[in-house]
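Me: I would like to learn how to read strand pairing and helix packing in a model. Where do we start?

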Amino acid sequence: RPTVKISQAPEGGTQFYFPAGRNVSAAFGVTVFALLFGGIDVALFHFQAQFRPLIFFGIVFGLFALLLTVVALNMWFGTARIVADSSGILLKSSVLGMGGSKRWTVAEIQSVSPRITMTSGNGGRGVAYYSVSLEDRNGRETSLGNALRDHNEAEWICLQIRQMINLETQSFSA
């Protein structure tokens, strides 16, 4: 079951659309941890009047709760649209309607490959989640689309993007 929707882009090229809520189980798990850390933070600040050293732990737990909340919001409501054609790659991403776009020309792109960016589960039964990752000629890495549970789907999307921008033929001539 593919999680990314592929179609012709209105502006030309092919678009890869990463819809919101692609992996409900992982998003749910991150949300539970965000609520857990937030609850602990509230309890620590409630009891901090009696135990002053708890202020430090309250700040640390609050920062973790904030980080996990941002990740959970991105997993539930984040979308990405990658448009690839012979001139390069356009990325439009948003969370709850707020976001931006970035464009790379073919000359600026070093590689497009899948990367493991998150795992869930324990021991040998953990599940890896992949991102479609772009590395530019300056060595900066950008996640174009994330939360792909299937390595084959992530690899296939990267292959399609590389073929559309003729990245293999460019790398041999450099």
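Reply: Start with one pair of residues. This is a predicted model, and in it V95 has M98 in β5 as its bridge partner.

Me: How many bridges join β4 to β5, and in which sense do they run?

Reply: Strands count as paired if at least two bridges are found between them. Here β4 (residues 88–95) and β5 are joined by eight bridges and run antiparallel.

Me: Which strands form the sheet that holds them, and in what order?

Reply: The order is β1-β2-β3-β4-β5, an open sheet of five strands with antiparallel pairing. β1 (5–8) and β5 (98–105) each have a single partner strand, so one side of each lacks a neighbour in the sheet. On average, neighbouring strands here are turned by 15° against each other, direction ignored.

Me: Which strands does helix α2 lie across?

Reply: Helix α2 (residues 54–77) lies across β3 (78–85) and β4, at about 60° to β3. Helix α3 lies across β1, β2 (14–18), β3 and β4, and runs at about 150° to β2.

Me: What is the strand order in the sheet that contains β7?

Reply: β6-β7-β8: three strands in an open sheet, again with antiparallel pairing. Its edge strands, β6 (109–120) and β8 (141–148), pair on one side only. Neighbouring strands of this sheet are turned by 25° on average, direction ignored.

Me: Which residue stands opposite S133?

Reply: S143, in β8. The antiparallel pairing of β7 (residues 127–136) with β8 spans five bridges. Helix α3 (residues 151–164) packs on this sheet and touches β6, β7 and β8, its direction making about 165° with that of β6.

Notes. Residues numbered from 1 in each chain as written. Predicted model: local features only at pLDDT ≥ 70, side-chain atom pairs only at ≥ 80, totals over all residues. Heavy atoms only, no water. Helix = DSSP H or I, 4+ residues; strand = E, 2+ residues; numbered from the N terminus. Axes fitted to C-alpha atoms, helices over the stretch in contact; angles between N-to-C directions. Contact = heavy atoms within 4.5 Å.
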